[in-house]
Structures are given as C-alpha cells and as structure tokens.
Amino acid sequence: MNDIGNKLPQNEQREKEVKVETEENPLKLQTELNSLEVGNQQTFDEILQGYKDLIADIDVQLKNPGTTSEEKKKLVQQKKEYQIKIRELQVKYSEFASSGAKEEQRKKTQELIERIPEESSRKKFTELLLGIPEKFRQKYVESLEGFLSNKNEVSSRTGVRGLVFELSRINTLTNQGLEVVDFDQEMPPSVEYFGFEKNATDFTQEPTKKLKSQIEFDVPVARDGKSYVYEAKSYHRMQYGSLATQRNQLLKYQTAIERGAVEGATVEIRGRIDPNFLKWATGTNIAEAGSIPDVEIIYTFELPSGAEYRFVLKRSRKHNGLKFQNEGRSNTPESTLKLLKEKHPDQYAELMSKFGTEEEIANKLAEDRKIINGLQKSVLDRSIIGIITNVNVENPSAELQPYLEDPTTIESVSLFDEYETLRKETIYKKLLTKREIINVDNKRSSYSEFATRDYVEKSLREYQAYLQQNPEMARIKKAYILDGEESIQMVINKVMALVEKIKSFELARRQNEENPENHERERREEMGYVGLPEGVALDIEHITIDAIQEVNKKKGQTGRSYENIERFKDVEAVKQYLPDQDRRYLEIAIYDPVTGKTERNIDVNDTHIKRTSVELLKENIKRVEDKIKLIMNRFEELNQKTDKTPEEVKELKQLTARLKAKEMQGKKIESVKHSIELLKTEKVAHVKTEKDNTKKKAIAQEYDEKISREMEKLAGLYKEIIGGDREWDKIAKRISEKIDQNLIKFIYAVGSNGEIIVGEEIIRGDVSGRAAHSELAQGRNVYGAGELAFSKNKDGQWILTEINNGSGHYRPSVLTCSFVKKLLELKGINTSKVEIRDTLLRGTPPPDMTILEE
Amino acid sequence: MKKIDLLKKKIDKAKEKRQALLVELKTLKTLVSKQGQNKDMKKIEELKKQLLNNI
C-alpha cells in the first residue's frame with residue numbers, strides 16, 4: 001500500500017485528451033500562394049519568350065532573299081502584332097514584367113543560403129523565408145549576407161541562428177492567429193527621441209541625446225490597422241541590453257507609443273540578458289515604472305524537446321502586450337505525443353527524426369514538463385534572473401574555461417558548441433532542482449505588503465493573461481477563467497473582504513501569542529513544530545483563486561467558502577467514522593501486444609477479474625492457433641519454392657523445428673482438448689440434474705475452474721510450439737497492472753489551537769467538488785496541511801498509513817508532518833504504521849509572472 | 001482569421017491569373033505552330049520550285 005498517492009486520480013482531469021481544432025494554417029496558405037506566384041512568373045516568362053522567338057523568326061525570314069515583297073508585307077504586319085502583344089502582356093502582368101532583376105535576386109539568395117554553415121539553420125531559413133511574401137524577404141537576405149561575411153565563424157553562426165529565430169516569430173505568430181501579421185502595412189514615420197550616447201555605459205542618468213530614426217519591423221504586426229512593434233532578439237553569448245544602442249531602440253519605441261505612432265511594442269529575448277538592463281527597464285521599486293513602461297519584454301526558453309516556452313518578464317503598462325500561446329508541452333507526455341501525432345504530423349515527424357523512438361520523445365516531453373515546472377518556480381522565487389543573465393556553464397573543459405569570463409571571445413566552433421551544450425545542461429539542472437515549492441516566508445500573506453487592492457488586481461489580471469497564453473493550462477484550470485470585467489471586480493472585492501478578515505484574526509492572534517503569559521508557541525515547539533512561529537499563511541494568489549471559484553460557481557455547485565466550518569470534522573470524529581466504512585477498489589489494465597494498446601477496467605470486482613482472465617485465456621488460445629496455422633502455411637509456401645534465398649532457408653529451418661514440436665505435442669494437445677470437451681459436457685449434464693440453484697452455481701463454478709486449468713495446460717503446450725515465452729508475449733493479451741486498495745483519504749489542516757480539521761477527500765470520479773485546505777482553515781494560518789490516508793489491513797482494521805504535506809494552497813514544509821504526527825498520537829490515533837511523505841501533488845500554485853516588478 | 005481570409009483571396013487571384021496565363025500560353029502555342037506550318041509550306045514550295053527548275 002505504499003503506492004497510494006501516485007495511483008490516485010489527481011492528474012486524471014488534466015490528462016484528459018486535449019482537443020484542438022485543426023485550423024487552416026496561414027503559413028501553408030502563404031507557401032501555396034508563393035508557389036502559385038512562382039508558377040505564374042514562369043508561365044509569363046515562357047509566353048514572353050515565345051513571342052520574342054516568333055519575332056526573331058520573322059526577322060530571319062525577312063532577311064531571306066527568297067521572301068517575296070508580298071510576303072514581307074505580311075510578315076512585318078505580323079511582327080507588329082506580336083510587339084503589341086508583348087507590350088500588352090507587360091502592362092497586364094506588370095508584376096511579372098521586370099523578371100530579369102528578380103531572377104538574379106533569386107539566384108543570389110540561393111547562393112547565400114547554400115553558404116549557411118549549419119544544416120539545421122539552412123533548412124529552417126529556407127523553409128521560413130519561403131513562408132513570407134517575396135518583397136519582405138529582401139531584408140532577411142541582406143542580413144544573411146552580412147552575417148555570412150563575418151570572418152568569425154562563431155559570430156556568423158550565432159547571427160544566422162538569430163535570424164532564423166526572428167523569422168520563426170513570423171511563423172509562430174501567423175500559425176497561432178492571435179495577432180494579424182500584415183506585410184502590406186506602411187512604415188510609421190521616423191521618431192525623434194532622447195537616447196544615450198552611442199558608447200555610453202552609465203545608464204543611471206536620464207538619456208539626453210537627441211536622436212531620430214525610422215522604426216523597422218522584425219515582424220509586421222498590425223492592430224486595427226495600426227502598427228505594433230515586435231522585435232526578436234537572440235543573444236547566447238553577449239548579454240542583451242548592455243549596449244546603448246539596444247536601449248536606445250527601446251526608448252525609441254517608448255516614445256513612438258507615447259506619441260501614438262505605434263500601438264505598442266514587444267521585445268522577445270532568447271539567451272542572456274543584462275541584469276542592469278532589467279532593472280533599468282522594470283524599475284527597482286514596486287511603484288516605479290522603469291524607463292520603458294509601455295514596452296513589453298517576453299522571454300523565450302528552449303525546452304529539451306526543442307519546443308519553446310515563453311513567458312512575460314515585464315508587462316506593458318497598458319496590458320496590451322503581444323498575444324501568444326505556448327505549445328502544449330505542460331501536459332502529460334502521453335497526451336502531448338498523441339496530440340502531436342494526430343494534429344501536427346510535421347512536428348511529430350521532426351521529433352521522430354531528432355529522437356528516433358516514441359519512447360525517447362516521451363522522455364523529452366516529460367523533461368519539458370519538469371523544466372516548465374521549474375521555470376514557474378524560479379519565476380516565483382526570482383532565481384530566474386540568474387538563469388537568464390548568467391553564463392551558466394558548469395564543469396567546462398580547460399580549453400573553454402578562459403572564455404567564460406566573456407563568451408563573445410569564443411572563436412572556435414567546437415568550443416562554441418561545447419559552450420552551448422553545457423549552458424543548456426546547466427540551466428536544465430538548475431531548473432530541475434527548482435521543483436521544490438515550499439512556502440517558507442509567508443511573503444504574500446494577508447498581512448504582507450502585497451495585501452493591497454492594486455496588487456490583487458494586477459496579479460488577477462496577469463493570471464487571466466497567463467491562462468490565455470497557455471491554453472492547455474487553461475483547459476485544466478477552466479474553473480479559474482473569468483468571463484468579464486464585472487466578474488473581475490467581484491473577485492477583487494471578495495478577495496479584499498477575505499484579506500481583511502484573515503488579517504484582523506492573524507494580527508490579533510499574533511499579539512496574543514507574543515504576550516509573555518501565552519505559552520502557545522513554546523508548546524508547539526515542544527511537540528516538534530519547527531516552522532515560523534506565526535505558522536504557514538495562505539497567500540494572496542490562493543485567496544484570489546478561491547474567490548474566483550466562488551464567483552464562478554454555478555447553481556448547485558460548491559464554490560470555495562471560508563464560512564460554514566461545520567461541514568468538516570475534527571480528526572477525533574474519524575475514529576468513530578471509520579469502522580463502518582469499506583472502500584475496496586480494484587482496477588486492472590489489460591495490455592494487448594498486437595495493437596500495443598492498454599485498456600483500463602476501473603472500479604471492478606474479483607469476479608470481473610476472474611472472468612476477464614478466462615476470456616483472455618480463450619482469446620489467446622484462439623490467437624495462438626491462428627499463429628500455428630500461419631506457421632504451417634508459411635512452411636508450405638517456402639517448402640515449394642525452388643530458388644530460396646539464404647534468409648528463407650534459415651526461416652524454413654526454424655519453421656521445421658516448430659512443426660516438429662507440434663507433432664511431438666500433438667497427442668498431448670489432442671488429449672487436453674478432449675478433456676476440455678468432456679468437462680464441458682459433464683458440466684451441462686451435472687448442472688441439469690441438480691435442482692438446488694445455489695448448488696447448481698457451485699457445480700458450474702467447480703467445472704469452470706477445472707476447464708480453465710485445462711485451458712492453461714493447452715496454452716502452455718501451444719506456447720512451446722510457437723517458440724516459448726518470447727513469442728507468446730508477442731501475441732498474448734494479459735493483465736499488466738492490478739490496483740487493489742481499500743483506502744480513505746482526508747485532507748487536514750492544523751489550526752493555531754492544535755485542532756486538526758479534516759474533510760474526506762473525493763479520490764475517484766468527479767473531483768470538482770473537493771474542498772480546499774483553505775476552507776478547512778478558514779483562510780487562516782496553519783501549522784500543517786496535507787492529506788491523511790487510512791488503509792484497511794488484513795484484519796479489517798482501518799489504520800493510518802500516510803501523513804503528507806500535500807496542500808497546494810499552503811505548501812507547508814514536510815517538516816510540519818512530524819508535528820502533525822505527534823498531535824494525532826495525542827488525539828488517540830494509532831500512528832505506528834504511518835509513513836510521512838513529502839508530496840505537494842494536490843493543487844499547484846498559480847504561476848506569478850510579476851517577479852521583476854516587485 | 002482576417003489574415004487567412006486575405007491569403008485565401010490572394011490565392012484565388014493567383015489562380016485566376018494562372019488560368020488567364022494558360023489561355024495566353026495556348027494562344028501562343030497555336031501561333032507558333034501556325035508560323036511553323038507557314039514556314040514548312042514555304043519550304044515545300046521552294047523545294048518544288050527547285051525540283052521544277054532541275055527537271
């Protein structure tokens with residue numbers, strides 16, 4: 001019974017198949033359009049050349065001395081007609097007319113592409129370039145030429161990678177269809193603004209240099225006809241933002257937004273960022289807006305599977321940032337794989353070619369999920385700043401070591417590759433250790449500096465935006481999506497009311513406990529409590545989440561309320577409650593090696609399992625008989641063949657051995673089959689003569705058991721014929737997993753008075769009505785929260801088998817569990833068989849994207 | 001969706017152009033074969049003349 005916890009369906013809801021509608025893909029349409037245009041151009045050229053050839057031919061004839069003047073007249077007339085036709089065509093199809101220059105351009109592009117050193121970049125660049133309209137390509141081709149002419153090969157490679165990154169933004173954005181990418185929009189006029197001197201290094205002062213320049217688009221986003229700036233930056237060695245020119249560009253955007261020249265601006269960064277730039281951009285205090293308040297900063301992170309995960313580092317003041325979604329990588333590997341296979345076959349194929357097997361892909365997807373988890377945690381505790389600013393290379397080779405001080409000095413391609421690989425590995429390692437999410441400091445409690453209306457509103461709006469950006473998360477957290485402004489205001493009001501209530505309770509309690517005559521705190525310590533004296537506080541985000549559920553609750557649904565505490569029990573009442581309970585639960589999984597599918601039979605009983613085993617045996621015998629038939633047929637076929645390949649000779653030998661085995665077992669098989677038939681007839685006869693129904697059943701059962709024993713014998717004989725267990729396992733369906741448990745779970749919360757309040761946990765079926773730990777504790781601080789699991793032992797006694805810290809709302813340290821154990825003992829609960837487990841499976845903290853704005 | 005509609009429109013236009021160009025190409029091919037035929041006829045005439053002269 002050690003595996004309670006991971007057999008429970010906490011994840012069932014989220015693992016439900018994700019449905020995504022297949023949409024028409026703008027990139028595919030653009031590619032179709034491009035190929036049509038190329039075809040049209042070719043046809044046009046062919047026609048034009050045709051007329052030119054005709055004219056040339058006439059010219060030859062005109063020079064021919066044999067041509068009569070009569071004929072010449074006709075020919076001249078003809079030539080004129082052709083010339084007119086050419087002009088007509090050139091006017092009518094003016095877009096194809098200047099094809100000479102275009103053809104040259106195309107050739108040049110092709111030559112440049114062939115010079116791209118890395119195959120993966122070359123492939124992607126070509127593919128992405130074809131996805132955008134021809135006239136927009138020029139800018140990228142020019143940049144490509146620039147990068148390729150760089151003598152430093154590493155710089156050249158990183159440059160091209162950055163270009164591919166930039167181009168892929170267009171692709172992602174058009175594919176997601178959340179923003180309009182309009183290649184035909186007009187460039188906004190030049191912007192005059194105050195920037196820094198080109199070589200400036202001190203950015204603490206206000207910029208004073210008058211500058212003027214044009215805004216150029218990386219990706220031409222349009223919002224209601226107005227331009228929206230979207231810049232993509234890829235900096236793997238240098239820290240983005242350390243140069244004056246980079247900051248100036250953002251200052252230009254800020255000014256352009258303030259003047260209404262553009263709708264907004266987003267800069268998306270991949271790689272490293274200058275930490276001072278972050279401070280400059282976001283401001284260091286809560287109230288400070290930073291130097292570019294209206295510019296949004298997004299960070300893109302590459303996951304182990306190669307997919308991207310994007311999150312907002314800094315929002316724009318108007319909250320009108322770029323609309324984007326992350327790929328469905330935070331789902332389970334199985335459902336993600338299924339989704340890719342069914343809905344995105346091209347991505348699936350790419351992963352297959354990269355990782356070889358589905359198993360390996362699934363491993364990578366599982367890693368993706370862990371990394372995303374770690375990313376969210378590091379955003380919460382701000383360690384993300386170290387991840388996105390530092391070099392992050394551990395255990396470098398002696399050769400690489402001297403370059404780490406300034407990675408831009410790396411000039412050797414192999415060292416750069418080492419740098420890149422180690423950097424990724426180190427960052428992944430760091431993120432994986434981030435998965436611990438204990439609440440140690442009560443930083444966002446109801447009595448903290450965050451308990452303000454502004455903060456609640458900000459975090460609520462950001463959470464809603466986060467759900468929009470991560471649709472797969474939104475599907476899981478559907479209940480947390482608010483339908484409009486009115487609901488948002490309702491939630492804010494509710495949160496503030498709850499915060500006030502909790503705050504006044506906690507502050508009064510603190511005052512009370514700090515009184516020297518009050519020994520509550522010492523008593524807890526004596527019993528092994530080691531956390532903060534004030535306990536573990538519920539944070540604002542979780543109060544918000546509860547308020548959302550309460551506001552969103554539909555008729556007949558339970559929301560989240562900190563009132564009506566009588567709904568729950570004191571743990572002492574559990575002792576009376578348990579003896580009458582029986583919660584045996586059986587579940588089996590049947591694996592079919594032929595289809596590769598596993599079928600789960602949930603909530604079954606012993607009879608079902610027995611019956612299933614017999615059915616499987618029958619099915620397997622049928623399968624093995626078919627297999628033997630196949631062997632015989634194949635033997636015949638090969639035997640008659642005159643010119644056999646060496647492989648076929650080998651196969652024939654094997655088949656002969658099989659058939660020999662069949663011959664040898666033949667008699668035994670016949671006799672077992674015979675006895676099965678005999679038993680069947682006997683069973684019918686015997687049952688008929690018996691009049692008592694219960695006895696009838698018993699007789700039938702007795703015979704059935706005998707029959708299945710014989711059938712097993714038969715299966716064993718067949719198994720030998722086809723080549724033993726290995727061959728058998730290839731065709732035989734079997735029960736691959738069996739869950740057999742008798743378990744009751746409670747969620748618990750320990751209050752300041754040592755009371756343990758419990759609520760029975762719904763562990764199967766519809767779990768939407770489950771109570772939250774915050775409800776048990778009325779939102780107040782706790783000295784422990786998680787789950788208690790009781791199991792029925794062989795003697796039919798319920799016994800406490802697990803105490804854990806599984807509360808996503810409070811996230812207490814597992815250290816609180818020993819205190820809980822002591823308390824339970826005091827209350828007369830047997831804890832001799834209990835296991836303490838560190839688990840925060842239930843519930844997840846809301847990702848907080850505000851890290852840099854604190 | 002706006003973007004997709006735009007692209008679809010462009011594709012439709014390009015397809016229309018394709019049709020028109022194919023018609024043009026057909027016309028051209030007829031012209032080429034006609035001119036070729038004329039030339040062939042002329043050559044035959046010349047050969048006839050030469051033959052007659054030689055007799």
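Me: Before we start, what are the ground rules for numbering and confidence?
Reply: Residues are numbered from 1 along each chain as its sequence is written, and chains are lettered from A, with ligands numbered from 1, in the order in which they are written. The model is predicted, and local features need pLDDT of at least 70, side-chain atom pairs count only at pLDDT 80 or more, and totals for chains, interfaces and linings use all residues.

Me: Which strands form the open sheet in chain A, and in what order?
Reply: The order is S1-S4-S5-S6-S7-S8, six strands with mixed pairing. Strands (E, at least two residues) and helices (H or I, at least four) are DSSP runs numbered from the N terminus, and two strands pair if DSSP finds at least two bridges between them.

Me: Which strands stand at the edges?
Reply: S1 and S8 of chain A do; each has a single partner strand, so one side of each is left without a neighbour in the sheet.

Me: How does S5 join S6 in chain A?
Reply: Strand S5 (residues 226-240) runs parallel to S6(A), with 8 bridges. A:Tyr240 has A:Ile273 as its bridge partner in S6(A).

Me: And S7, what are its pairings?
Reply: S6(A), residues 265-273, pairs with S7(A) in the parallel sense over 6 bridges, and A:Ala265 has A:Val295 as its bridge partner. S7(A) is also joined by 6 bridges to strand S8 (residues 308-314), this time antiparallel, with A:Glu302 opposite A:Glu308.

Me: What lies between S7(A) and S8(A)?
Reply: The two strands form a hairpin with 5 residues between them, and A:Gly306 in the turn has a positive phi of about 100 degrees.

Me: Why is S7(A) described as largely enclosed?
Reply: Of its 8 residues (295-302), 7 are buried, so the strand is largely enclosed by the rest of the structure. A residue is buried if 20 or more other C-beta atoms lie within 10 Å of its own, exposed if 12 or fewer, and partly exposed in between, with C-beta atoms placed from the backbone.

Me: Switching to helices: how do H6 and H8 of chain A cross?
Reply: The axes of H6 (residues 119-130) and H8 (residues 153-176) come within 9 Å and cross at roughly 35 degrees. Axes are lines fitted to C-alpha atoms, for helices over the stretch in contact, and angles run from 0 to 180 degrees between N-to-C directions.

Me: Which residues meet there?
Reply: Among them are A:Phe125 and A:Leu128 in H6(A), and A:Val164 and A:Leu167 in H8(A). Contact requires C-beta atoms, placed from the backbone, within 7 Å.

Me: What does A:Phe125 touch?
Reply: Not counting residues up to four places away in sequence, A:Phe125 touches A:Ile113, A:Ile116, A:Val160, A:Leu163, A:Val164 and A:Leu167.

Me: Now chain B. How many residues are in contact between the chains?
Reply: 24 residues of chain A are in contact with 21 residues of chain B. H2(A) gives the most to the chain A side, with 17 residues.

Me: What is chain B made of?
Reply: Chain B has 1 helix and 0 strands, and buried residues make up 9% of its 55 residues.

Me: Last one: where does A:Lys680 lie?
Reply: A:Lys680 lies in helix H23 (residues 646-689) of chain A and is partly exposed, with 15 other C-beta atoms within 10 Å. A:Lys680 and A:Ala700 are 20 residues apart in sequence and 9.7 Å apart in space, C-alpha to C-alpha.

Notes
Contact = placed C-beta atoms within 7 Å.
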